[in-house]
Amino acid sequence: MTVEPLDRSIDRRAFLARAAALAVASAAGATVAAPSMALANSALTVNPGTRSRALDQPNAYTRPRPEAVADPTELTIAEAAWLIRADKLTPEQLLEAYLARISTYDGTYQAFNLVLAEAAIAAARDAAHGPRAGALHGIPLAIKDNYYTEGVLTTANSFLFKDFVPPYDATAVGRLKAGGAIVLGKTQMGPLATTRATTPAGVVTTVNAWTPTNRNTDPGGSSTGTATAVAGRMATSGIGTQTGGSITAPSNAQNLTGLKPTMGRVSAAGVIPLSYTRDHPGPLARDAKDAAIMLTAMAGEDPADPRSQGLPDVPDLIGAATPVYQRNRIKLRWPTRIGVLPGFTNGTSATAAARQAYLAQLAEIPRATLVDVPLPDGWSQLTGGTFNNIRLPERSEPFMPYLRTDLRGFGVSVTSWLQGALLGGNEFLTGQRAKLLLMERVLNDLFDVCDVVVQTDPVPFDILGLPEIAFPIGLSPAGVPIGTILGGLPYAEDRLLSVVAAYQATTDWHLRRPADPPVAARARAEAPAEVLRLTADQVAELTQ
């Protein structure tokens with residue numbers, strides 16, 4: 001029997017009301033940036049038993065592929081969990097395989113800024129003897145360096161927090177650890193979560209795992225290091241944050257499945273902020289099943305974050321990401337109308353060809369219906385740069401003490417903080433009204449004719465706090481991944497996962513891995529052949 005998803009009409013009205021309340025809260029200054037002022041972590045206080053049961057369901061375990069058994073760093077979470085549960089792989093063996101790759105290749109990738117080898121080994125040994133909490137038991141994860149990690153340097157790759165060591169974990173990190181995961185290390189990111197990973201002064205660090213010798217290939221930001229760590233097989237999965245494409249962009253650039261959940265679905269408590277109404281913690285994973293496992297552990301109400309409270313219950317994400325078969329043929333879990341925006345497949349480029357093949361593949365899956373959908377009235381204006389910039393005062397407000405003392409602390413990303421500080425209150429309020437108008441038109445017009453919709457840019461749904469999932473659909477002639485994004489209704493992460501799981505069950509793009517880089521780990525100590533540096537103007541143009 002197939003269980004139909006909940007009627008989303010109530011969710012639409014509730015989400016619109018919440019968005020209006022968040023706009024008011026943002027205008028009132030509802031967040032703080034100083035780490036010492038942040039609320040205490042409460043990761044383990046919210047239904048830990050329910051979460052453990054969700055992580056230990058049969059659908060969370062997948063019999064591994066032969067090539068993955070031969071190389072543990074090739075395993076997905078679900079595959080590694082199957083082997084660990086069957087006592088065919090220990091957490092320590094899995095961790096050692098990743099540490100070996102980090103030692104050999106991260107001098108080229110520069111995905112990590114801190115590897116917690118000793119602590120991770122101790123945690124892996126404890127996991128071998130402790131109770132098993134579910135599919136994340138003993139799984140090594142890469143953590144973006146704007147998530148608080150107890151007793152571990154957490155810099156957001158900035159001068160401002162270069163010496164900050166938080167006394168507790170971010171809620172999302174605490175929940176992953178409570179689910180049995182092992183923190184392998186902290187990953188490079190754009191300074192204060194703005195652009196691709198650079199030093200605070202703008203020198204490019206992390207490379208795209210698919211073109212490790214070409215620093216000019218965009219690896220996606222700002223969750224760059226997490227993406228490169230997972231794509232380069234130096235971690236099973238990882239977490240990032242998204243304010244303007246920082247999960248979906250690096251996932252698309254590096255052949256991963258990245259899930260940006262609905263605003264509030266995952267608590268942002270213990271994450272160094274960028275924008276109160278747009279910061280979304282979420283996973284960067286290898287496939288839909290792994291993204292579902294990660295989000296299941298991370299999601300849920302948190303007393304430390306008002307944005308997470310009063311939401312609909314987290315659905316069975318792992319079940320949604322489990323392919324459904326009928327007479328040995330894949331079908332969608334639920335009948336789903338997939339909205340296609342005007343011009344999505346236009347042109348003769350490799351991306352256009354990949355999009356055409358992707359839609360053709362979806363159309364072949366039973367219970368999938370492609371529908372052409374028009375853009376809502378005023379789309380270009382409401383999603384353009386002018387209204388998108390209303391996020392900037394939310395960025396500046398909690399950092400005003402720093403802006404008043406020493407601008408050098410912001411490094412190369414200072415421009416957008418100054419822009420936010422100088423934006424007028426009337427402009428901010430006008431922008432908030434425009435955001436609500438955009439949301440009404442998306443929820444009432446666009447989603448009146450479809451259940452999910454293709455995206456060509458993550459920003460509109462980031463503005464609105466709606467969920468998105470990024471996943472691979474091809475490779476360019478140069479061998480660089482081509483990805484796409486699907487957007488969904490509020491709290492409908494399960495629907496997005498179900499579509500991507502069916503697509504991935506009929507294709508193998510998500511199973512492709514980049515070749516190992518030719519440069520040994522010692523390369524980091526040597527002067528690079530090419531230094532790529534972003535200027536303040538470039539960062540302002542590219543900033544999330």
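**Close-up 1. The buried residues of helix α7 in this predicted model.** Let's start with the part of α7 that is tucked away: Thr 171, Ala 172, Val 173, Gly 174, Arg 175 and Leu 176 are its buried residues. They amount to six of the eight residues in α7, a helix that is mostly covered. Just after α7, have a look at the backbone of Gly 180, where phi is positive at about 105°.

**Close-up 2. Helix α7 packing with helix α10.** Here α7 (residues 171–178) and α10 have their axes 8 Å apart and pack at an angle of about 110°. Because angles of 65 to 115 degrees count as roughly perpendicular, α7 is described as roughly perpendicular to α10. The crossing of these two helices, α7 and α10, is right-handed. On the α7 side you will find Ala 172, Arg 175 and Leu 176, which meet Met 294, Ala 297 and Met 298 of α10. Sorted by class, this contact of α7 with α10 has five nonpolar residues, one charged residue and no polar ones.

**Close-up 3. Helix α10 alongside helix α20.** Now follow α10 (residues 288–298) to another partner, α20 (residues 493–505): the two axes come within 9 Å and cross at roughly 155°. That angle makes α10 roughly antiparallel to α20. From α10, the contact draws on Ala 288, Ala 291, Ala 292 and Leu 295, while α20 brings in Glu 493, Leu 497, Val 500, Ala 501 and Gln 504. By class, the contact of α10 with α20 has seven nonpolar residues, one polar residue and one charged residue.

**Close-up 4. Leu 136 in the largest nonpolar core.** Which residues touch the most other members of this core? They are Leu 136, Tyr 358 and Leu 486, out of 135 residues in the core. Helix α10 supplies eight residues, the largest share of this core. Zooming in on Leu 136, and leaving aside neighbours within four places in sequence, its contacts are Leu 55, Ile 77, Leu 176, Gly 179, Gly 180, Ala 181, Ile 293, Met 294 and Ala 297.

Close-up 5. The class count for α5 with α6 is nine nonpolar, no polar and two charged residues. Leu 95 has its place in α5 (residues 91–109). Is Leu 95 buried or exposed? It is buried, as its relative accessible area is 0%. Although 22 residues separate Leu 95 from Ala 117 along the chain, their C-alpha atoms are 9.0 Å apart. Beyond its neighbours within four places in sequence, Leu 95 is in contact with Ala 120, Ile 121, Ala 124, Pro 140 and Leu 184.

**Close-up 6. Thr 187 in strand β3.** Our last stop is Thr 187, found in β3 (residues 182–187). This threonine, Thr 187, is buried, with a relative accessible area of 0%. Setting aside neighbours within four places in sequence, Thr 187 is in contact with Ala 111, Phe 112, Asn 113, Ala 142, Ile 143, Lys 144, Asp 145, Gly 225 and Thr 226.

How values were computed. Residues are numbered from 1 along each chain as its sequence is written. This is a predicted model: local features need pLDDT of at least 70, side-chain atom pairs count only at pLDDT 80 or more; totals for chains, interfaces and linings use all residues. Side-chain values use heavy atoms; hydrogens and water are left out. Axes are lines fitted to C-alpha atoms, for helices over the stretch in contact, and angles run from 0 to 180 degrees between N-to-C directions. Helices (H or I, at least four residues) and strands (E, at least two) are DSSP runs, numbered from the N terminus. Angles under 35 degrees count as roughly parallel, over 145 as roughly antiparallel, 65 to 115 as roughly perpendicular and the rest as oblique. Contact means heavy atoms within 4.5 Å. Ala, Val, Leu, Ile, Met, Phe, Trp, Tyr, Cys and Pro count as nonpolar, Asp, Glu, Lys and Arg as charged, and the others, Gly among them, as polar. A nonpolar core is a set of buried Ala, Val, Leu, Ile, Met, Phe, Trp, Tyr and Cys residues joined through side-chain atoms within 4.5 Å. Buried means under 20% relative accessible area, exposed over 50%, partly exposed in between (1.4 Å probe, protein chains only). A crossing is left-handed if the near helix is turned anticlockwise from the far one by less than a right angle, and right-handed if clockwise.
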